[in-house]
Amino acid sequence: MQVSSLNEVKIYSLSAGRSLPEWLSDRKKRALQKKDVDIRRRIELIQDFEMPTVSTKIKVSRDGQYIMAVGTYKPRIRCYDTYQLSQKFERCLDSEVVTFEILSDDYSKIVFLECGRFVEFHSQHGHYYKTRIPKFGRDFSYHYPSCDLYFVGASSEVYRLNLEQGRFLNSLQTDASESNACDINPVHFLFAMGTAEGKVECWDPRTRNRVGLLDCALNSVTADTEIDGLPSVSALKFDGALNMAVGTSTGQVLLYDLRSSNPLIVKDHHYGLPIKSIQFQHQLDLIISADSRIIKMWNKDTGKIFTSMEPEHDINDVCLYPNSGMLMTANEAPKMNIYYIPVLGPAPKWCSFLDNLTEELEENPESTVYDDYKFVTRKDLENLGLAHLIGSSLLRAYMHGFFMDIRLYHKAKMMANPFAYEEYRREKIRQKIEETRAQRVQLKKLPKVNKELALKLIEEEGEEQQVARKRKQKNLPSLLKDDRFKVMFENPDFQVDEQSEEFRLLNPLVSKISEKRKRKLKLLEELEAQEQEEEEEPEGKASDAESSESSDDEKGWVEEVRKQRKLLRQEEKVKRQERFKEDQQTLLKPQFFEIKEGEEFRSFKDSAKKQKLMKKTLGDRLMLEEKLGTLDVSDTTVGSKQATFKLKK
């Protein structure tokens with residue numbers, strides 16, 4: 001059983017884990033359960049709760065005892081008895097099922113709408129009757145007061161089949177070219193159908209007249225939505241007498257009050273996929289909407305997301321078990337998923353042990369879905385030397401990195417840096433000791449890094465505090481106590497290099513500024529003392545003295561900078577002389593080249609001549625060989641040419 005959590009809502013996947021093949025004997029099954037921990041820990045809530053290939057629709061009977069699902073291949077229906085936690089029966093059909101409806105409280109009356117325009121009726125014993133409708137159907141609803149079946153599909157008409165009289169009645173003529181979904185209100189039995197043009201038409205079955213029209217395609221387009229093409233209605237569901245939810249083919253869900261033509265709220269799935277199912281959860285006022293990729297639960301008043309689920313395989317249908325927190329899905333996979341969400345409600349009475357099981361799991365929390373895996377980026381893999389595993393089954397791509405087994409990660413890290421744990425342990429011990437020291441009575445100590453700078457800041461802070469006390473001003477925050485500059489006095493990487501060229505050129509300015517600040521503070525103190533003694537003191541002298549001092553400071557700073565530049569030039573000159581002496585002392589040794597076997601060394605000039613000769617054309621080389629006498633070319637009687645040459649030694 002897998003446990004995942006989103007928005008602090010725990011979701012228990014009861015169908016997680018591997019399923020055992022049917023053809024295995026009981027002995028082999030027991031042996032596998034002993035060996036494999038995953039098989040031993042799995043929960044098989046309902047035995048053989050799966051289809052051969054794909055499941056398309058899933059529903060629960062009104063009495064809650066039977067769960068029915070249809071799928072392929074071959075097309076079939078399977079009925080599961082929840083009281084026995086096993087399959088009750090299985091029936092194969094002639095063609096694939098588009099949708100089906102349970103007319104009775106149990107499994108005794110079922111209607112199937114099939115692909116080949118067939119409508120098939122099943123009773124308790126099995127197949128009962130089969131008929132056809134004029135056009136391909138996509139959905140149908142049952143009107144209980146009149147026993148009418150309303151079929152919508154690839155036609156502008158809504159076909160009505162009366163089950164009491166056993167015949168077709170006059171069709172409802174709509175303005176739509178095609179219809180995709182329909183539903184009947186359980187309170188006042190209003191019939192609503194969603195069209196391919198993105199509209200919802202509402203009909204009164206008593207008068208067989210249209211009483212309302214909603215343009216959902218226009219209302220689904222907001223400033224934030226991006227759509228491709230005209231949104232058509234793909235799902236429809238009533239809630240009570242006044243509320244109706246409409247799902248579009250572009251991934252929006254619109255909640256309407258029947259008294260208004262504008263939606264109360266528009267929720268976008270942001271996947272651009274058609275909405276396949278809409279369910280209402282009344283205890284928490286939630287709407288459960290699903291497309292083929294994700295199931296979203298959100299508040300119908302605010303639109304705030306409650307939680308969401310993303311199964312491994314594409315979703316075909318979602319069924320909420322009545323008055324409970326159990327959710328079932330039909331997927332593009334053999335296994336049908338069962339989820340239990342305790343926040344939505346208690347477990348059904350036929351599996352009440354789930355409540356005790358989840359309570360125990362909450363008391364003793366185990367590993368969640370991703371606790372056994374480590375997320376690593378491509379750079380981390382290169383540092384660990386595991387980049388060659390990209391594309392293999394050991395790494396699973398996710399977002400900007402990969403998930404890998406935590407055991408493999410620890411092994412690779414130990415091999416890459418075997419002393420990493422010892423270093424980590426020492427660092428943790430050091431941090432613990434520092435924490436205990438922080439609780440004692442602290443003395444004013446200089447930090448280990450940048451002691452000179454810290455001392456200067458402490459002195460300046462003390463002087464500024466004295467001035468602030470006299471002027472009754474607020475003290476400014478200290479750099480030493482500020483968390484933003486904390487690392488500058490802890491990390492050795494931030495140590496100021498006093499021997500660097502930049503520091504030596506800047507240091508005269510820093511020192512002069514600090515001296516200037518001290519002089520200014522002393523001058524201010526003297527001025528305040530004079531003001532107390534003599535109230536009528538001219539201020540011109542002080543400003544003149546300050547200006548003269550500032551000009552003297554500037555001259556002194558320029559001289560200091562020149563002095564530092566002169567020293568730097570002298571140091572550079574000394575370094576160059578030392579390098580020159582080292583170069584003179586090093587003796588150049590001759591280089592030796594090895595000649596290949598079978599070759600004679602003549603001179604370097606021969607190789608240069610050979611290279612020039614290789615650059616010439618074939619004709620030029622032949623003429624040169626004739627001049628040297630190593631080649632003799634003559635005409636024959638037949639008209640061809642004969643060449644005689646001598647090999648070089």
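In β32, which residue is the bridge partner of T377? That partner is G401, and the pair makes a handy way into this structure. Before going further, note that this is a predicted model, where local features need pLDDT of at least 70, side-chain atom pairs count only at pLDDT 80 or more, and totals for chains, interfaces and linings use all residues. Residues are numbered from 1 along each chain as its sequence is written, and side-chain values use heavy atoms, with hydrogens and water left out.

Back to the strands. β30 and β32 (residues 401–405) pair in the antiparallel sense over five bridges; two strands count as paired if DSSP finds at least two bridges between them. The element names come from DSSP runs numbered from the N terminus, with helices being H or I runs of at least four residues and strands being E runs of at least two. The open sheet here has three strands in the order β30-β32-β31, with antiparallel pairing. At its edges sit β30 (373–377) and β31 (395–398), each pairing on one side only. From one strand to the next, the twist averages 35 degrees. Helix α6 (residues 406–416) packs on this sheet and touches β30 and β32, its direction making about 95 degrees with that of β32. For such angles, axes are lines fitted to C-alpha atoms (for helices, over the stretch in contact), and values run from 0 to 180 degrees between N-to-C directions. Contact, here and below, means heavy atoms within 4.5 Å.

Now for the nonpolar interior. A nonpolar core is a set of buried Ala, Val, Leu, Ile, Met, Phe, Trp, Tyr and Cys residues joined through side-chain atoms within 4.5 Å. Buried means under 20% relative accessible area, exposed means over 50%, and partly exposed is in between, using a 1.4 Å probe and protein chains only. The largest core has 24 residues, and F49, I58, I67, M326 and M328 touch the most other members. Two or more residues each come from β3 (54–60), β4 (66–72), β28 and β29 (337–340), with β28 giving the most, three residues. Leaving out residues up to four places away in sequence, F49 touches I58, I67, Y80, M328, K335, M336 and I338. A second, separate core of 16 residues includes V9, I295, L320 and L327.

T329 is buried, at a relative accessible area of 0%. Its contacts beyond four places in sequence include I58, I295 and Y339. The T329 side chain also makes a polar contact with the side chain of N331 at 3.0 Å.

Finally, the charges. The whole structure holds 13 salt bridges, each a side-chain nitrogen of Lys or Arg within 4 Å of a carboxyl oxygen of Asp or Glu. In one of them, the closest N and O atoms of E90 and R78 are 3.2 Å apart. E90 lies in β6 (residues 86–92) and R78 in β5 (residues 76–81), so the bridge ties together parts 12 residues apart in sequence. E90 is partly exposed at 33%, while R78 is buried at 10%. Another bridge joins D204 and R206 (3.1 Å, N to O); D204 counts as buried at 14%, whereas R206 is exposed at 72%. Shared partners also join R76, R78 and E90 into one salt-bridge network.

Conventions:
Polar contact = N/O pair within 3.5 Å; in protein donor to acceptor, adjacent residues only side chain to side chain.
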